[in-house]
Amino acid sequence: MIKNSRQNISEISRNLNLSRNTVALIIKKLENSVIESYTVNIKQNTESNYIIAIVKSLDGIKKELLTEYFELTNGKYMVISSDSNFLNNLNYDEIHIARHRERGSENFNIDLYCDFCGGKIVSVPKTYEINRKKYYFCCDTCKSTFIKRQNALEKY
């Protein structure tokens with residue numbers, strides 16, 4: 001698994017001459033105790049590719065390896081790099097590879113509007129999640145009033 005973490009259970013069981021169930025149980029135990037994460041190794045000749053990762057913090061990321069980064073509304077960051085060394089020791093939630101990068105207008109902006117009062121959100125939005133749907137609010141008052149109404153609706 002260290003050499004190729006993409007091997008499926010059938011291949012591993014064939015190589016080790018063990019049953020698929022045994023291999024699955026061993027992997028599950030390793031994931032609970034030893035394996036911290038699976039990773040991606042990118043070939044060094046990928047100058048034209050961009051690595052896009054979602055990270056919780058920019059701490060520990062060498063700024064010179066970044067092509068650009070964006071702070072997301074959920075407090076995480078989307079970081080982009082064309083340097084394959086960028087992945088070394090990177091603690092990411094999600095990762096993607098892009099083959100092409102093109103910038104549109106520099107003045108491109110997306111406005112967020114409060115899900116309670118409908119006003120434009122001009123600072124960091126307050127968020128609340130219900131059943132995997134995220135709601136955005138302009139202030140704590142709108143958020144708390146929304147939550148109270150949702151709780152009242154759930155009682156009926």
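My entries follow in that order.

**Ground rules.** I am working on a predicted model, where local features need pLDDT of at least 70, side-chain atom pairs count only at pLDDT 80 or more, and totals for chains, interfaces and linings use all residues. Residues are numbered from 1 along each chain as its sequence is written, and side-chain values use heavy atoms, with hydrogens and water left out.

**Fold.** I listed the elements. The protein has 3 helices and 8 strands. I take these as DSSP runs, numbered from the N terminus: helices are H or I with at least four residues, strands are E with at least two. Read from the N terminus, the order is α-α-β-β-β-β-β-β-β-β-α.

I then looked up burial. Of the 156 residues, 23% count as buried. Here buried means under 20% relative accessible area, exposed means over 50%, and partly exposed lies in between, with a 1.4 Å probe and protein chains only. The accessible surface of the protein is about 12500 Å², and carbon and sulfur atoms hold 47% of that. Those areas come from the Shrake-Rupley method with a 1.4 Å probe; for residues, only the protein chains shown count as cover.

Contacts came next. I count a contact when heavy atoms lie within 4.5 Å. Among contacts with a separation of 6 or more, 45% join residues 24 or more positions apart.

**Sheet.** In what order do the strands of the open sheet lie? I read S2-S3-S1-S4, 4 strands with antiparallel pairing. Strands pair if DSSP finds at least two bridges between them. At the edges I find S2 (68-71) and S4 (92-98), each pairing on one side only. Neighbouring strands are turned by 15 degrees against each other on average, direction ignored. The axes behind that angle are lines fitted to C-alpha atoms, for helices over the stretch in contact, and angles run from 0 to 180 degrees between N-to-C directions.

I followed S3 through its partners. S1 (residues 50-55) and S3 (residues 77-81) run antiparallel and are joined by 5 bridges. Val55 stands opposite Tyr77 there. On the S2 side, S3 pairs over 4 bridges, again antiparallel. Tyr69 faces Val79 in S3. S2 and S3 make a hairpin with 5 residues between them, and Gly75 in its turn has a positive phi of about 90 degrees. S3 is mostly covered, with 4 of its 5 residues buried.

**Cores.** I define a nonpolar core as buried Ala, Val, Leu, Ile, Met, Phe, Trp, Tyr and Cys residues joined through side-chain atoms within 4.5 Å. The largest one has 12 residues, including Ile51, Ala53, Val55, Leu66, Phe86 and Leu90. S1 and S3 are the elements that give two or more residues to this core. S1 gives the most, with 3 residues. I checked Val55 in detail. Leaving aside neighbours within four places in sequence, Val55 contacts Ile61, Lys76, Tyr77, Val79, Leu90, Asn91 and Tyr92. Another core lies apart from the largest one: 8 residues, among them Cys114, Ile121, Tyr135 and Phe146. I note the background: in soluble globular proteins, nonpolar side chains tend to be buried together.

**Aromatic rings.** I pair rings of Phe, Tyr and Trp (its six-membered ring) if their centres lie within 6.5 Å; planes under 30 degrees apart are stacked, over 60 edge-to-face, and the rest tilted. I get 4 aromatic pairs. One of them is Tyr135 with Phe146, tilted, at 4.8 Å centre to centre and 45 degrees between the planes. Tyr135 sits in strand S8 (residues 133-137) and Phe146 in helix H3 (residues 140-155), so the pair ties together parts 11 residues apart in sequence. Tyr135 is buried at 18% relative accessible area, and Phe146 is buried at 9%. One aromatic cluster takes in Tyr128, Tyr135, Phe137 and Phe146.

Is Ser13 buried or exposed? I find it buried, at 7% relative accessibility. Ser13 lies in helix H1 (residues 9-16). Beyond residues up to four places away in sequence, Ser13 touches Leu18, Ser19, Arg20 and Val23. Asn17 is in the loop between H1 and helix H2 (20-33). Asn17 is exposed, with 70% relative accessible area. The phi of Asn17 is near 60 degrees, a positive value in a residue other than glycine.
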